[in-house]
Amino acid sequence: MPTISIGSASFQVFDQGRGQPLLLVHGFPLDHSMWSGQVSELSRGFRVIAPDLRGFGRSSPITANDAVVTMAQFADELAALLVALQESEPVTFCGLSMGGYIAWQFAARHPDKLARLILCDTKAAADSQEAAENRNKLAAKVLAEGSHVAADAMLPKLFSQRSLKSQAPYVEETRQVILRTRPQSIAAALRGMAEREDFTGGLSAIRVPTLVLCGGEDVITPPAEMRSIAAAIPGAEYCEVPAAGHMSPLEDPRTVNRAIRKFLGS
Ligand code: MLT
């Protein structure tokens with residue numbers, strides 16, 4: 001997989017296929033491998049670009065204990081990455097959870113680079129004060145005790161009850177991805193999510209075709225919340241992935257890929 005340098009940071013990027021560009025942006029605290037059910041399948045017909053965000057996977061780590069990476073910074077780095085990859089066509093931005101928080105910033109800051117949105121298992125609302133405090137506490141605990149604290153906190157909520165039992169290899173692989181992520185990177189993204197803006201008021205101003213996808217058993221960003229995001233975005237389509245949890249693209253790639261292809265008209 002190619003590595004792209006932007007300033008002093010380097011990014012590992014899956015980049016395969018030809019056609020309309022489809023940018024897949026992973027959730028927290030994961031890497032591009034969460035799209036393993038999409039990348040090969042969808043690169044038949046699309047240019048699929050699936051980077052590891054800064055701090056995650058094999059991209060440059062974050063090393064300072066007190067760092068914050070904001071959703072806007074991630075969005076700007078993705079825009080720079082598209083330039084570095086010589087992709088001049090506006091992209092379909094497909095983001096899961098934290099990838100969706102980044103999508104709101106990308107839509108606001110780089111509208112000329114955006115053709116369509118696919119929002120998987122995400123939220124438009126900011127954190128409540130209590131949720132933000134909990135994230136900051138988790139950041140401190142991860143720094144003090146290690147990345148396994150994030151794995152233990154997240155894993156039971158990422159997958160549906162059924163997938164936790166029937167898809168044990170994916171669950172274990174996801175644990176390993178989190179364990180390989182440096183505590184500083186996890187803490188910086190947690191702080192960035194804690195201070196993210198509320199985008200609810202901006203939903204009605206979205207003017208690009210939008211697909212909202214949600215696992216029917218997602219407990220982090222439940223269907224009711226995602227249905228209301230779809231209802232607020234003019235013309236948005238909503239697709240629920242039955243029996244999947246928060247990791248719907250990994251848990252049920254067939255349903256997700258079918259919905260993406262239908263939305264993109266291929
Ligand atoms: C994610 O999957 O990116 C996280 O669940 C986002 C969050 O913690 O809000």
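Trainee: A polar contact is a pair of N or O atoms within 3.5 Å. With that cut-off, what lies 2.7 Å from an oxygen atom of the ligand?

Mentor: This is a predicted model. In it, a backbone N or O atom of Phe-28 lies 2.7 Å from a ligand oxygen atom, a distance that falls within the 3.5 Å limit.

Trainee: Which polar side-chain atoms lie 2.5 Å or 2.7 Å from a ligand oxygen?

Mentor: A polar side-chain atom of Tyr-101 is found 2.5 Å from an oxygen atom of the ligand. For Arg-135, a side-chain N or O atom is 2.7 Å from a ligand oxygen. The protein covers 95% of the 270 Å² of accessible area that the ligand has on its own.

Trainee: Which other residues are around the ligand?

Mentor: Besides Phe-28, Tyr-101 and Arg-135, the residues around the ligand are Gly-27, Ser-97, Met-98, Met-154, Met-193, Ile-220 and His-246.

Trainee: And what is the space taken by the ligand?

Mentor: That space is the largest pocket.

Trainee: Where is Asp-127 found, and is it buried or exposed?

Mentor: Asp-127 is in the loop between strand S6 (114-120) and helix H4 (129-145). It counts as buried because its relative accessibility is 16%, and the cut-off for buried is under 20%.

Trainee: Changing topic: is the peptide bond from Phe-28 to Pro-29 cis or trans?

Mentor: It is cis, with omega near -10°. Pro-29 has its place in the loop between strand S3 (20-25) and helix H1 (39-42). As background, most peptide bonds are trans, and most residues other than glycine have a negative phi.

Trainee: Which residue just after H2 takes a positive phi?

Mentor: Gln-86 does, with phi at about 60°. Gln-86 lies in the loop between H2 and strand S5 (91-96). Gln-86 counts as exposed because its relative accessibility is 70%, and exposed means over 50%.

Trainee: What phi does Asp-121 have, and is that residue buried or exposed?

Mentor: Asp-121 has a positive phi of about 40° although it is not a glycine. Asp-121 is found in the loop between S6 and H4. Its relative accessible area is 0%, so Asp-121 is buried.

Trainee: Now H2 itself. How many residues does H2 have, and what is its reach?

Mentor: Helix H2 (residues 71-84) has 14 residues and reaches 20 Å from its first C-alpha to its last, close to the 20 Å expected at 1.5 Å a residue.

Trainee: Which residues in H2 are buried?

Mentor: They are Met-71, Ala-72, Phe-74, Ala-75, Glu-77, Leu-78, Ala-79, Leu-81 and Leu-82. In general, an α-helix has 3.6 residues a turn, so residues three or four places apart point the same way.

Trainee: One more residue: where does Thr-92 lie, and which side chain does its side chain contact?

Mentor: Thr-92 lies in strand S5. Its side chain makes a polar contact of 3.0 Å with the side chain of Arg-116. Thr-92 is buried, with a relative accessible area of 0%.

Note on methods
Residues numbered from 1 in each chain as written. Predicted model: local features only at pLDDT ≥ 70, side-chain atom pairs only at ≥ 80, totals over all residues. Heavy atoms only, no water. Helix = DSSP H or I, 4+ residues; strand = E, 2+ residues; numbered from the N terminus. Expected span 1.5 Å × (residues − 1). Buried < 20%, exposed > 50% of the residue type's maximum accessible area, 1.4 Å probe, protein only. Near = heavy atom within 4 Å. Polar contact = N/O pair within 3.5 Å; in protein donor to acceptor, adjacent residues only side chain to side chain. Areas by Shrake-Rupley, 256 points an atom, 1.4 Å probe, with all protein chains shown as cover. 1 Å grid on protein atoms, 1.4 Å probe; cavity = no way out; pocket = protein on both sides within 12 Å on 5 of 7 lines; lining within 4 Å. Sits in = over half its atoms within 2 Å of the grid points.
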